[in-house]
Amino acid sequence: MSDNKKIIMEVSNLKKHFNVGKNAVLKAVDDVSFIIREGETLGLVGESGCGKTTCGRTAIGMYNKTEGQVLYKGKDVHSLKGKEKKAFSKEVQIIFQDPYASLNPRMTVSDIIAEGIDIHGLVANSKERIEKVNELLSLVGLNKEHASRFVHEFSGGQRQRIGIARALAVEPNFIMCDEPISALDVSIQAQVVNLLIKLQREMGLTYLFIAHDLSMVKHISDRVAVMYLGTMAELTTSGELYKNPLHPYTQALLSAIPIPDPKIERTRKRIMLEGDVPSPINPPEGCRFRGRCKYAKDICKEQRPILKEVAPGHFVACHLY
Ligand code: SF4
């Protein structure tokens, strides 16, 4: 991915906090910054509860922000109104984690896919609507006989293909893929990821790809951002992250991925992380990873590490660097 490509989304110091009762604030996203270039896939990864989904949803305006700014094509996502808001809701789509829950069981596949087409008035008549739905079904590896069926008649992988067709129906530029493969069998995950890669190439789509599985993220992402407890731990190109992870948290996450070659797999040293991700309600001062980090020093207790560029395009938030 070339650095000359235009920036499509710019997230600056984004915070999303939730008040959860007596003086308790859940800091789901706490000062996160990144950019996404046109046609790029940015993977956003971390354990469950790290704030990645909240970050993605706030970035595309599904949630109000607490602080910070998100620009999409130079416009502030959280202040869009009227026509601009409608245009944004067409350009930016979501593929949800759970194809079982995100598709209406009482609607035919055709009506599910065409919902956005109808809202945005993208076809002139019912003949065009049928043609458009059939074209979308074929694009995602389904066929026109599927159009009149209901979601319960499909497998998990096929349902996710329907979800992808629904997102593509309004000809978006940007898709937030919100853990789109987590609910699928491992054997199906690669098929869905390969379909997303193919569609991106054909249609010039930009993806924010949220996942906790680093192995699939490597396959699809140009760059990867690793989140920990509402903060950004590391951000770099996919190749660099897997070759040269710098943050102790990234190193531990990567060490957990099995290696397909049995000889190398036997030599893999797994870094065991002790404890769980602490609660994002009133999180610890200093580095939020310090309770689980074997390199923690005094400064880690006192100062929150900021995300610094330590090599071209390689950012890390850790006092070791
Ligand atoms: Fe570990 Fe300190 Fe780096 Fe945090 S800042 S990851 S505690 S060494």
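Predicted model: local features only at pLDDT ≥ 70, side-chain atom pairs only at ≥ 80, totals over all residues.
Let me begin with two helices, H4 and H5 (residues 126-139), which pack at an angle of about 110°, with their axes 10 Å apart. An axis here is a line fitted to C-alpha atoms, for helices over the stretch in contact, and angles run from 0 to 180 degrees between N-to-C directions. The angle makes H4 roughly perpendicular to H5, where 65 to 115 degrees counts as roughly perpendicular, under 35 as roughly parallel, over 145 as roughly antiparallel and the rest as oblique.

Residues are numbered from 1 along each chain as its sequence is written, and side-chain values use heavy atoms, with hydrogens and water left out. Helices (H or I, at least four residues) and strands (E, at least two) are DSSP runs, numbered from the N terminus.

On the H4 side the contact (heavy atoms within 4.5 Å) includes Val 109, Ile 113 and Ile 117, and on the H5 side Arg 129, Lys 132 and Leu 136 are among the residues involved. By class, this contact of H4 with H5 has seven nonpolar residues, one polar and four charged, with Ala, Val, Leu, Ile, Met, Phe, Trp, Tyr, Cys and Pro counted as nonpolar, Asp, Glu, Lys and Arg as charged, and the others, Gly among them, as polar.

The second pair is helix H6 (residues 156-168) and helix H7 (residues 186-203), whose axes come within 10 Å and cross at roughly 20°. That angle makes H6 roughly parallel to H7, and the crossing is again described as right-handed. Among the residues that meet are Ile 164 and Leu 168 in H6, and Leu 195, Leu 199 and Met 203 in H7. Here the contact divides into eight nonpolar, three polar and one charged.

On a 1 Å grid over the protein atoms alone, a cavity is a set of points where a 1.4 Å probe fits but cannot get out, and a pocket is an open set with protein on both sides within 12 Å along at least five of seven lines, lining residues having an atom within 4 Å of a point. Grid points are joined across faces, edges and corners, and a volume is the space filled by probe spheres set on the points.

The largest pocket holds about 620 Å³, and of its 30 lining residues, Ser 33, Met 232, Leu 235, Leu 307 and Phe 315 lie nearest its centre.

How many cavities of 30 Å³ or more does the structure hold? There are two, and the largest has a volume of about 100 Å³, with Cys 287, Cys 293, Cys 300, Cys 318 and His 319 closest to its centre. The second largest cavity, of about 30 Å³, takes the largest share of its lining, four residues, from H6.

Definitions and conventions:
Left-handed = near helix turned anticlockwise from the far one by under 90°.
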